[in-house]
Amino acid sequence: MRFILPLFLATACQGWSPSLRLARSLTRATSLQSSANDVNVVLRPSEDPEAFDSFRIGSARVHRYIRDSLGPEEEAKYVMWYHGRPGNFDEEKELPPLTTGRIGRATSNNGLHWEKTTEGSLAEDAPDVTLGLNKESWWGFDTAHVGLGQVLLPMSTPAVMTEGGVYLMYYMGGSYDETPVASYLRDVPEASASAKIKGMKLKIGVALSQDGITWGRVEGDDPSGACMAPYEKSDPNMKYIAGMRDDDDSLLNIEEELYCGWPEVVVQIIDEKASQKVAGKTPPAFFMYYSTMTKDTKEKCIACAVSADGFRWLKRGVVVRPDESGLDEAGCARSNVIKKASYNEETGVWTDEKGFIMYYEGVSKKDNNHRVMAAESDDGRTWKKLGVAFDVGGDGAWDCAGVGSPHVLRLDDGSLRMYYTGQGTDGSTAIGVAKCAPEDHVGGWTREQAQFTFA
């Protein structure tokens, strides 16, 4: 299904290593088994080898809501979207060794005990899948693998589901087009000088749904159907970017990119009367933060784009780069951005405040580990790094080899909960949870005990 409007998670934590190790030795990672050191795991790969997510999973995006048609006594519900792939997904070993493949869904009453949705969409190419591979358009950007970025709910407030609205899913995909492996390496080994890889030139798309289960792709402006593609000066469809101006009318300097993936989209409610216009323009309503690699420097960065409607996007350049003096000197990627907020213990109400907090995945050159880092911003464009927010597990823990792809929710008790992807030393992945008080969101996260079942 495709609508036309007018208008790399490698193994959870391996794909961002400085040398782009393709990790072919990890193509048979074992499924994580329950033990005393994984009490905070809430979702694992399926045990059925035929399931779409039987090998690895990643990039959980969780929303908590009540429907506006129900009374205040109605309990909140949780829904999770995530991506995964089976062991036989890339038998020819032509694609990047990511957790991307297809996108699925799970539900929960408390955010800790999850059941995978088995109904799926009958329109997709595999069972139990909400968004699969694009089989309708051979020229599409998402024919080889897809991965989840973010899902926006049809909301009247951040906690109330509006009846009759639509969901927006931002996702990335790769095709079977080949690109040189050397393009992604600073130092090219002789053995890789002529090597090619498929599905690495990631692009970003958007899909619509009325129920969060069955999705229809929205065709973007890029010839491949994407709404966001990596910037190439030689691309005739991108000539306009060279002279593009920012919201304050200053000239932008957009760096060439090798891929665009893991989109995080934030909506700002704009009051036309109260908004402070810049250069006579109303501030953009949508901000997208996506992972990319710069073509010239081979830096893994987080870039920003803005939109008035959530479908047509304008690049604004890199906003978070690796820091040679920090634990993200090997790369920054896969972010989650939330509004700053305060909690009133007497009323039990969260109130938005000025500014944003970004949680993102940073990679260290010292130990090659992936950690969740934090940064803050007043305007969503200029970011100040705050350091490590959440570190890898201890020796022998299920997530001792890396943590990343964070997604943070506010809870009714005034605490914050983070869903994240963890990886073990054997390459296995799972989704875990951690919790903290708002004032301890940098370095104060603790692993939250959870229970889980499969559907």
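Buried here means under 20% relative accessible area. Keep that cut-off in mind as you walk through this predicted model.

**Stop one: a buried pair.** Select Asp 38 and Arg 44. They form a salt bridge whose closest N and O atoms are 3.1 Å apart. Arg 44 has a relative accessible area of 4%, so Arg 44 counts as buried. Asp 38 is buried too, at 3%.

**Stop two: a network.** Next, select Asp 246, Asp 247, Arg 316 and Arg 381, which are linked in a network of salt bridges. Zoom in on Arg 381 and Asp 246, where the closest N and O atoms are 2.7 Å apart. Arg 381 sits in the loop between β21 (370-377) and β22 (384-390), and Asp 246 in the loop between β14 (216-219) and β15 (257-267), so this pair ties together parts that are 135 residues apart in sequence. Asp 246 is buried, with a relative accessible area of 10%.

**Stop three: another loop-to-loop link.** Now pick Glu 299 and Arg 321, a salt bridge with its closest N and O atoms 2.9 Å apart. Glu 299 is in the loop between β16 (286-294) and β17 (300-307), while Arg 321 is in the loop between β18 (314-320) and β19 (331-344), so the pair joins parts 22 residues apart in sequence. Glu 299 is buried at 18%, whereas Arg 321 is partly exposed at 32%. For the whole model, the count comes to 29 salt bridges.

**Last stop: the largest cavity.** Select Ile 254, Glu 255, Glu 257, Gly 317 and Val 318, which line the largest cavity. Its volume is about 30 Å³, and its lining has two nonpolar, one polar and two charged residues.

How values were computed
Residues numbered from 1 in each chain as written. Predicted model: local features only at pLDDT ≥ 70, side-chain atom pairs only at ≥ 80, totals over all residues. Heavy atoms only, no water. 1 Å grid on protein atoms, 1.4 Å probe; cavity = no way out; pocket = protein on both sides within 12 Å on 5 of 7 lines; lining within 4 Å. Points joined across faces, edges and corners; volume = space filled by probe spheres on them. Nonpolar A, V, L, I, M, F, W, Y, C, P; charged D, E, K, R; others polar. Salt bridge = Lys/Arg side-chain N within 4 Å of Asp/Glu carboxyl O. Buried < 20%, exposed > 50% of the residue type's maximum accessible area, 1.4 Å probe, protein only. Helix = DSSP H or I, 4+ residues; strand = E, 2+ residues; numbered from the N terminus.
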